[in-house]
Amino acid sequence: KTAVMQALSMESGLPMYNLKLSKAGSAFVNKSATNIQSAYEYVASIAEQTGKPVLFVMDEMESMTAKRRGGESGREDDKVVGALLQIIEEARGNNVIILGATNCYDQLDDAIKSRFEDKIYIGLPDDATRKSVLKILLNRMTKGQELAANDEELDKVVKLTKGFSNRDLTILTSKAALLAREDNRRNIMASDYEKPVAENQSMKVKESDYQSKQSRSIIGFNK
């Protein structure tokens, strides 16, 4: 999610401000909604000062916009959802583009889901994407540049890392680099990924676990 949002910001040339809703939460009454409103008002002030649109990313939306419960916790949920609904309604008029991100779409409050005009499912990186990401990660390290330039060896890593996200690839590459250093080698080898991949199978996520249960896979295009 983060990589896609950053790419969108760079491609559009618009500044991006990222708010993790899990960090905005508070145990104090009304504080969560106030924190979110304060963050939005800051972003809106930037848009006003520059006269240009600003991207406001609300990440981990499931942490505070889950389907509402009853009782006291339900009333707090209502306040958070209410604050978000108001922000989404006001944003366009204040030159703020709201982007929501979640790994748990089915857990989001229905009112929140209905306010977003477009909904885009971003799956795990395919072979070509993983290869591109691995090249970027490896080229940032002196130890990784030789592997990045060797397509045959890099393809072994691509095959080995199927099912891992971009974030996971960053972690696996760091662990592979550590193994190379511990072995007193100047370069990372494809085989250095084998142990980290084997030890971190729990990081892999089945795409079916976080796709919307109401959505269908795209199987073709009508021309």
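**Cavity, cores and one asparagine**

Reply: By the rule used here, the count is 1 cavity of 30 Å³ or more. A cavity is a set of points on a 1 Å grid over the protein atoms alone where a 1.4 Å probe fits but cannot get out. This is a predicted model, where local features need pLDDT of at least 70 and side-chain atom pairs count only at pLDDT 80 or more, while totals for chains, interfaces and linings use all residues. Residues are numbered from 1 along each chain as its sequence is written, and side-chain values use heavy atoms, with hydrogens and water left out.

Me: What volume does the largest cavity have?
Reply: About 40 Å³, where volume is the space filled by probe spheres set on the grid points, joined across faces, edges and corners.

Me: Which residues line the largest cavity?
Reply: K1, T2, M5, M16, N18, V57, D59 and A101; lining residues have an atom within 4 Å of a point. At least two lining residues each come from α1 (2-12), β1 (16-20) and β2 (54-59). Helices (H or I, at least four residues) and strands (E, at least two) are DSSP runs, numbered from the N terminus.

Me: OK, new topic. How many helices and strands does the chain have?
Reply: There are 10 helices and 3 strands, in the order α-β-α-α-β-α-β-α-α-α-α-α-α along the sequence.

Me: Which residues have the most contacts inside the largest nonpolar core?
Reply: F56, M58, V96 and I98, in a core of 25 residues. Such a core is a set of buried Ala, Val, Leu, Ile, Met, Phe, Trp, Tyr and Cys residues joined through side-chain atoms within 4.5 Å. Two or more core residues come from each of α3 (31-50), β2, α4 (71-91), β3 (96-100) and α5 (110-115). The most come from α4, with 7 residues.

Me: And what is M58 in contact with?
Reply: Leaving aside neighbours within four places in sequence, M58 is in contact (heavy atoms within 4.5 Å) with L19, L21, L84, I87, I98, L99, G100 and A101. There's also a second, separate core of 20 residues, including V133 and L137.

Me: Last one: is N200 buried or exposed?
Reply: N200 counts as buried because its relative accessibility is 11%; buried means under 20% relative accessible area, exposed over 50% and partly exposed in between, with a 1.4 Å probe and protein chains only. N200 is found in the segment after α10 (194-199). Beyond neighbours within four places in sequence, N200 is in contact with F164, L172 and K175.

Technical notes:
On a 1 Å grid over the protein atoms alone, a cavity is a set of points where a 1.4 Å probe fits but cannot get out, and a pocket is an open set with protein on both sides within 12 Å along at least five of seven lines; lining residues have an atom within 4 Å of a point.
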